[in-house]
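Take a moment with the sequence and the fold below. The report then walks through the parts in turn.

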Amino acid sequence: MTSVEDGCIFCHIVSGSIPATISGENEMALAFRDINPIAPVHILIIPKSHLENAMAIRPEDCAVIAKMFELAQSIAKRESVSETGFRLVMNVGDDAANSVGHLHMHLIGGKRLGLMG
Ligand code: AMP
């Protein structure tokens, strides 16, 4: 399991040792603004405990995944994109240009988004 000691940047954000612009949190998930936003609203939602990516999710992780979506819903409302629309994205692996090995969901919106691909 990767952790702060192993140098996971998002674990460091959870612990507070690396600063981030926090957008919200609950018991199991944390949300913060992407440092390199691609849209007016670009927020990352992560589990507080380390999971590598979507391929590492097991049935016993269902509570943390539900908490990530609960946080995404509340942020979408607060950022006023729940009615206009937004995108939730989880990248996995090189072909998706996944650059951070700690599970994260991009919440992207605030403008008309292009097609994916
Ligand atoms: P991905 O390509 O799906 O792995 O996305 C990783 C995202 O993390 C990118 O959009 C980065 O801009 C973002 N990111 C990397 N480091 C930080 C950081 N310290 N604070 C906020 N966002 C970050």
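## A loop residue, a sheet and its cores

S80 sits in the loop between α2 (62-78) and β4 (86-89). The model is a predicted one. S80 has a positive phi of about 60°, although it is not a glycine. Most residues other than glycine have a negative phi. Is S80 buried or exposed? S80 is exposed, with a relative accessible area of 56%.

A97 also deserves a look. A97 lies in the loop between β4 and β5 (105-109). Phi of A97 is near 60°, a positive value in a residue other than glycine. A97 is exposed, and its relative accessible area is 60%.

**The sheet**

In what order do the strands of the open sheet lie? The order is β1-β2-β3-β5-β4. The sheet has 5 strands, and the pairing is antiparallel. At the edges are β1 (22-25) and β4, each pairing on one side only. Neighbouring strands are turned by 20° against each other on average, direction ignored.

Look at one pairing in detail. β1 and β2 pair in the antiparallel sense over 3 bridges. Within this region, I22 stands opposite F32 in β2.

A helix covers the strands. α2 packs on the sheet and touches β1, β2, β3 (41-47), β4 and β5. The direction of α2 makes about 160° with that of β3.

**An aromatic pair**

A search of the whole structure finds 1 aromatic pair. The ring centres of F10 and F32 are 5.2 Å apart, and their planes stand at 80°, so the pair is edge-to-face. The cut-off for that label is an angle over 60 degrees. F10 belongs to helix α1 (residues 9-15) and F32 to strand β2 (residues 29-33), so the pair ties together parts that are 22 residues apart in sequence. Both F10 and F32 are buried.

**The nonpolar cores**

In soluble globular proteins, nonpolar side chains tend to be buried together. The largest nonpolar core of this model has 17 residues. Which of its residues touch the most other members? They are A31, I43, I45, M68, L71, I75 and L107. β2, β3, α2 and β5 each supply at least two residues of this core. α2 gives the most, with 7 residues.

Residues up to four places away in sequence are not counted here.

Another core lies apart from the largest one. This other core has 9 residues, among them I13, L30, L44 and V100.

**Salt bridges**

Side chains of opposite charge can pair when their charged atoms come close. How many salt bridges does the model hold? The count comes to 6 salt bridges. The table lists some of them.

| Pair | N to O distance |
|---|---|
| E25 and K48 | 2.7 Å |
| R33 and E79 | 2.5 Å |
| K67 and E70 | 3.2 Å |

Start with E25 and K48, which form a salt bridge. E25 lies in strand β1 and K48 in the loop between β3 and α2, so the pair ties together parts that are 23 residues apart in sequence. E25 is exposed, with a relative accessible area of 52%. K48 counts as partly exposed, at 27% relative accessibility.

Next come R33 and E79, another salt bridge. R33 lies in strand β2 and E79 in the loop between α2 and β4, so the pair ties together parts that are 46 residues apart in sequence. At 33% relative accessibility, R33 is partly exposed.

K67 and E70 are both in helix α2. They are 3 residues apart, a separation of about one helical turn. Is K67 buried or exposed? K67 is buried, because its relative accessible area is 18% and the cut-off for buried is under 20%. E70 is partly exposed, at 41% relative accessibility. Salt bridges that share partners join E27, K67 and E70 into one network.

Conventions
Residues numbered from 1 in each chain as written. Predicted model: local features only at pLDDT ≥ 70, side-chain atom pairs only at ≥ 80, totals over all residues. Heavy atoms only, no water. Phe/Tyr/Trp six-rings, centres within 6.5 Å; stacked < 30°, edge-to-face > 60°. Helix = DSSP H or I, 4+ residues; strand = E, 2+ residues; numbered from the N terminus. Buried < 20%, exposed > 50% of the residue type's maximum accessible area, 1.4 Å probe, protein only. Pairing = 2+ DSSP bridges. Axes fitted to C-alpha atoms, helices over the stretch in contact; angles between N-to-C directions. Contact = heavy atoms within 4.5 Å. Salt bridge = Lys/Arg side-chain N within 4 Å of Asp/Glu carboxyl O. Core = buried A, V, L, I, M, F, W, Y, C linked by side-chain atoms within 4.5 Å.
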